[in-house]
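Student: I would like to see how the labels in a model follow from their cut-offs. Please show it, then take my questions.

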Amino acid sequence: MTRQENLKMQQPVIYQLLQAQLRDNRRSHAYLFSGSRGSGTKDAAILLAQSLVCQNKTGVFACETCSACQRIANGSYGDLMVLDGREQSIKKAQIQNVQNQFNKTALESSGEKIYILDGAENATDEALNSLLKFLEEPAGMKTTAILLTQALDKILPTIRSRCQIFYFNSTRRQPCFEACQSAGLNFGDSWLLSQSTSDVEEAMEISQSSAYTRAREAFIKWIPGFVENPWQAALILQNEGLTRGKNREENRQVLTLLLSFCASFFRVLCANRDLQDDWWRQQQAIYRQKQLPAQKLLQVVLEIQDQNNRVANTDLLADQFAYRMWEVTQ
Ligand SMILES: [Zn+2]
């Protein structure tokens with residue numbers, strides 16, 4: 001299977017985003033691909049790099065077979081620099097070394113220069129700053145950096161805000177989903193639980209928690225409520241005690257679960273998938289019919305989810321979630 005086919009199948013949302021950017025020629029200078037091991041961030045980075053330099057393109061993505069494409073894939077392309085921070089931290093001096101090299105004329109005819117930084121969470125802040133600063137200068141015009149991380153929360157907000165973040169979906173959910181179903185849970189519960197963990201035992205534990213019961217109820221009310229009236233949907237969160245609630249620790253768990261359910265809902269919507277469940281099919285049909293911007297809604301959920309890993313104030317975040325989602329529909 002080619003990288004393109006693989007990306008399309010495993011990460012349909014990322015596939016669409018990249019496709020649109022390459023087609024409209026509005027790519028970013030700095031990408032941050034966030035995803036767990038096995039989610040395909042590295043392959044997507046290689047495909048993107050190939051698509052910037054391929055000499056034999058017929059569509060928006062690279063052919064993956066021409067000489068330039070092959071050299072990107074095996075790491076021998078002259079203007080590609082791959083730094084691996086997974087084992088050893090990337091220091092500022094290494095980045096500067098590469099920059100010095102890149103400042104000289106391009107070795108390859110495309111003129112494109114590309115960095116791939118694997119394990120960006122292990123690069124020092126100075127190294128990342130130095131890299132991004134360079135990209136923002138005129139000399140960095142035809143330079144693209146693709147940072148890969150498995151721990152987005154370890155990357156400073158000042159770095160993140162200067163990159164376009166792509167959130168890769170975990171691909172380890174299917175086995176957990178199937179195990180939940182075999183354990184006698186219905187489709188809806190199995191699906192939702194496998195969105196929050198890939199560990200079956202943990203899924204079973206969550207399924208018995210009161211946080212799960214609350215999150216599930218909130219989700220089942222929120223999804224139809226939002227499409228009906230995005231502003232009123234904020235009240236659902238209030239009525240569920242998510243904002244200004246008393247039990248802070250549990251509220252945090254409820255919000256975390258609710259966000260992962262919503263992320264899944266919009267991912268399925270973006271990918272145009274039909275799930276084997278009446279409630280899901282019905283709700284997705286309504287959302288499609290109303291033509292809400294699923295991609296933008298997903299982006300908001302992912303951003304709030306990301307903040308939820310860092311911000312302690314759940315009340316405030318729940319409010320912000322409601323507000324930002326409403327804003328997208330305006
Ligand atoms: Zn090619």
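Tutor: Start with R162, which is partly exposed at a relative accessible area of 30%. This is a predicted model, where local features need pLDDT of at least 70, side-chain atom pairs count only at pLDDT 80 or more, and totals for chains, interfaces and linings use all residues. Residues are numbered from 1 along each chain as its sequence is written, and side-chain values use heavy atoms, with hydrogens and water left out.

Student: Why is R162 called partly exposed?

Tutor: Buried means under 20% relative accessible area, exposed over 50%, partly exposed in between (1.4 Å probe, protein chains only). R162 has 30%, so partly exposed is the label.

Student: What makes R162 and E136 a salt bridge?

Tutor: The term needs a side-chain nitrogen of Lys or Arg within 4 Å of a carboxyl oxygen of Asp or Glu. R162 and E136 meet at 3.1 Å, N to O. R162 sits in the loop between α7 and β5, E136 in helix α6, so the pair ties together parts 26 residues apart in sequence.

Student: How do you know that D306 and R160 form a salt bridge?

Tutor: Their closest N and O atoms are 2.8 Å apart. The pair links helix α15, with D306, to helix α7, with R160, 146 residues apart.

Student: Are D306 and R160 buried or exposed?

Tutor: D306 has 9% relative accessibility, so D306 is buried. R160 has 5%, so R160 is buried.

Student: Why is D189 called buried, and R216 partly exposed?

Tutor: D189 has a relative accessible area of 13%, hence buried. R216 has 25%, hence partly exposed. R216 and D189 form a salt bridge, with closest N and O atoms 2.5 Å apart.

Key
Helix = DSSP H or I, 4+ residues; strand = E, 2+ residues; numbered from the N terminus.
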